[in-house]
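Reader: I have a two-chain model open on my screen and would like to know what stands behind the words used for it. Could you walk me through them?

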Amino acid sequence: MNVLIVDDNEAAADLLQELLTLQDHTARCTYTAQQALDAAASERFDAALIDLTLPDFPGTEVARRLRAGMAEGAPKLLVAISGFSAQDAAGASARGLFDHHLQKPIDIDQLSAILAAAH
Amino acid sequence: MSIDVESKLLIVDDLPENLLALEALIRGPGRAVYRATSAEQALALLLDHEFALAILDVQMPGMNGFELAELMRGTERTRHIPIIFVSAAGRELNYAFRGYESGAVDFLHKPLDPHAVTSKVNVFVDLHRHRKALGQEMEKLAAAHHMQEELVEQLRHTQRELEHAVRMRDDFMSMVSHELRTPLNTLYLETQLRQLNLSKGRLESFAPDRLPALIARDQRQIRNMVRLIDDMLDVTRMRRDALSIQPQPVDLAALARAVVEGLRQQAEAAGSVIALEAPGELRGVWDEFRIEQVLTNLLTNALRYGRGKPVEMMLSQAAGIAHITVRDQGIGIAPEDHERIFEQFERTDDSRKHASGLGLGLYITRKIVHLHNGRIDVESTPGHGALFKVELPLQAEAKTAMEAGA
């Protein structure tokens, strides 16, 4: 799968990319919401891993715009990643918008299972 | 019902000897008798006193008793005073007195029957005392009711405060957990990556030349977590006013050199350097551990928001005060935020874009400085860096946050 990653914690984003690559996926790292949207506009992704707290605008907004552009080949699988749980107030707005919610720290096996199921 | 009410009685007669005789009949404990020899004099007294009863002679030169009574009935203040007319029997009964409906009216006839006078007066005085006592009881009841309402309002206020405190604590826990998960995530991803590399036999990622960078990354995440936990505990102590300082003789210059050296790697990682300008030694009495926290917080902030430009720390001493300044050339702070950045959980929008954190560093820093009877200020313009200035009296006294009023 080709995976789009957006997380302003660059170390975490880079590590995720490396992990996904080791698992025979391809991945591209972005660190701001705008970078992620630009990447999605220029390249086709099967899935997007979106951090909910981004410096320029919220991860939910990235998801909303990706969903709106779905017909033009935006990623079908959207996974929220956040320090907050899906039940927490900060995660509430993400409900319904994402296919999955992963709370940090991220377990790579869990992520792999989600990607494999969507394949 | 306690009746300790003084009843004032007004008697009006143009003949002083009649007044004396009447007063002798009606005076008694708990009563004050006021005499007037004319209606005009009576009106003056009515302005100054609140009477339980007025006894008016009908036949008076000038304004007579009925006319006086009508004036009394026409004024709100005197409208309800009971009136007893003293009249020569049968002589003035054809006078149409209006105003019966406003208050009690009775008649006594000359020559006065002492028994009739005292019993009538007693009835009106008792009535007055009871009404007064009732009024006092009503006032007390109203006051008690008012107090009760105030108490209920206080309780509601306390309840709101408690609810707010619980919400704050929940938010705090949620925020701490969120902030801890960020460095934890990086660490956990690192270990999972190593595990995967190991299981695939990719040992080149563990090559000796790559290990220092790996270790440095881990240490950075661990330091972040330790700092978060320390901040969280300090803030909890400050809330309970339990943060204390234990001043000991300290060489601030040596302490600053050690702190700068300890941050050298962190500065390198930020692409920056810290220049320290300090005298050979700067001795004072402070809590060394807490002052180290102040220096570390200010320098760490300067590195975080300093855009990789050099950071300067200067120490000096003048007039029993140690001066510490930390200057960066980074993103700066808008004037409207200069006060807010010292409050807990306050972070400027700019700072959020540049680094994660709870927004506790400067709050803790200021508390510590205040505990040392010192002060901290900031000068900054957005885009042109920030200058933090700390003044510490050379001698600090051992105290807790409560005593510092901080």
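Reader: Which residues of helix 4 of chain B meet helix 5 of chain B?

Author: This is a predicted model. On the helix 4 side of chain B, the residues are Val176(B), Glu179(B), Leu180(B), Pro183(B), Leu184(B), Thr186(B), Leu187(B) and Glu190(B). They meet Arg217(B), Asp218(B), Gln221(B), Asn224(B), Met225(B), Leu228(B) and Met232(B) in helix 5 of chain B. By class, this contact has 8 nonpolar, 3 polar and 4 charged residues.

Reader: Why is helix 4 of chain B called roughly antiparallel to helix 5 of chain B?

Author: Helix 4 (residues 114-199) and helix 5 (residues 211-239) of chain B pack at an angle of about 160°, with their axes 9 Å apart. Angles over 145 degrees count as roughly antiparallel, so helix 4 of chain B is roughly antiparallel to helix 5 of chain B. As for handedness, helix 4 of chain B passes helix 5 of chain B in a left-handed crossing.

Reader: Happy with that! What makes a set of residues a nonpolar core, and which residues touch the most other members of the largest one?

Author: Its members are buried residues of listed nonpolar kinds, joined through C-beta atoms within 7 Å. The largest nonpolar core has 43 residues, and Ala256(B), Leu299(B) and Val326(B) touch the most other members. Helix 8 of chain B gives the largest share, 7 residues. Other elements that give two or more residues include helix 6 (252-262), strand 10 (311-318) and strand 11 (321-327) of chain B.

Reader: What does Val326(B) touch?

Author: Leaving out residues up to four places away in sequence, Val326(B) touches Leu298(B), Leu299(B), Ala302(B), Val311(B), Met313(B) and Phe388(B).

Reader: How do you know that chain A touches chain B, and how many residues are in contact?

Author: Two residues are in contact if their C-beta atoms lie within 7 Å. By that test, 16 residues of chain A are in contact with 17 residues of chain B. Helix 1 (residues 10-22) of chain A supplies the largest share of the chain A side, 7 residues. By class, that side has 11 nonpolar, 2 polar and 3 charged residues.

Reader: And how many residues of chain B count as buried, as a percentage?

Author: Of its 406 residues, 30% count as buried, which means that each of those has 20 or more other C-beta atoms within 10 Å of its own.

Definitions and conventions: Residues numbered from 1 in each chain as written. Chains lettered and ligands numbered in written order. Predicted model: local features only at pLDDT ≥ 70, side-chain atom pairs only at ≥ 80, totals over all residues. Helix = DSSP H or I, 4+ residues; strand = E, 2+ residues; numbered from the N terminus. Nonpolar A, V, L, I, M, F, W, Y, C, P; charged D, E, K, R; others polar. Buried ≥ 20, exposed ≤ 12 C-beta atoms within 10 Å, placed from the backbone. Axes fitted to C-alpha atoms, helices over the stretch in contact; angles between N-to-C directions. Parallel < 35°, antiparallel > 145°, perpendicular 65-115°, else oblique. Left-handed = near helix turned anticlockwise from the far one by under 90°.
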